[in-house]
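Colleague: I'm new to this one. Could you walk me through how to read its aromatic pairs?

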Amino acid sequence: MNRLSLPFLITALLSSPALARDYGQQGTHFPIIEPDLLEQIQSRLQTMDKNGDIDRLNQKLKARTIARVNRPKPVAGLIRAEKSTTRLFDPTITLQADIFGHDKRRIWAKGTRVNPLDTVPLRAALIFLDGDDPAQLEWAFAQKSKTAKLILTNGAPLKLMKARQRRFYFDQGGKLTAHFDIKALPAMVDQQGRMLRIREFALSKKRRPTQ
């Protein structure tokens, strides 16, 4: 009697009526449906519009924007000066790429050391101060340089402009104070030749430092 091969035996067993049974449906079956994301978003927006949620969100955003404009986020890490200091700052940079003019001719080559003050001098001193400190405001307005730019690191610039009738700026994100490594206020930056002089002033009740 010939021996049956294993594949043939498996095929025969699976095809046998005694073994091939219909066990029916096991559990609940659900169709695979992926909802359209855009339709979901549109439906959500329509619901929010009917409920007035969109108008409320817009009002909150408007109020938050106005508040941020009126009083920007203070620059972190700055303190009131406890002692007066003076140092020089060299603004010279080393170019990381070639600089070309409008006619595509190379003006400066990569690696060239360039001092911005040679072409764009600092015509007005920069005064950094905390706008919520009355003593710093008084000191800033007592300086001889009436053309100095007043740069707040804290406070309400629009309110001060209206009250003082003078333009105020704000060091958004602390980029300028970080660039000049200013740690204490009030501080002043002015040009001395091809260098910038950075001074931090310790205010005295008896005597106010001036330029």
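Modeller: Let's go through the aromatic rings and what surrounds them. This is a predicted model, where local features need pLDDT of at least 70, side-chain atom pairs count only at pLDDT 80 or more, and totals for chains, interfaces and linings use all residues. Residues are numbered from 1 along each chain as its sequence is written, and side-chain values use heavy atoms, leaving out hydrogens and water.

Colleague: How many aromatic pairs does the structure hold?

Modeller: Rings of Phe, Tyr and Trp (its six-membered ring) pair if their centres lie within 6.5 Å; planes under 30 degrees apart are stacked, over 60 edge-to-face, the rest tilted. The structure holds 4 such pairs. One of them, Phe-128 with Phe-180, is edge-to-face, at 6.5 Å centre to centre and 65 degrees between the planes.

Colleague: Is Phe-128 buried or exposed?

Modeller: Buried means under 20% relative accessible area, exposed over 50%, partly exposed in between (1.4 Å probe, protein chains only). Phe-128 has 0%, so it's buried. Phe-180 is buried too, at 7%.

Modeller: Then there's Phe-141 with Phe-168, a tilted pair: 6.1 Å centre to centre, 50 degrees between the planes. Phe-141 is partly exposed at 23%, while Phe-168 is buried at 5%.

Colleague: Which residue lies over the face of Phe-141 at 4.7 Å from the ring centre?

Modeller: A charge sits over a ring if NZ of Lys or CZ of Arg is within 6 Å of the ring centre and within 35 degrees of the ring normal. Here it's Arg-164. Arg-166 also lies over that face of Phe-141, at 5.6 Å from the ring centre.
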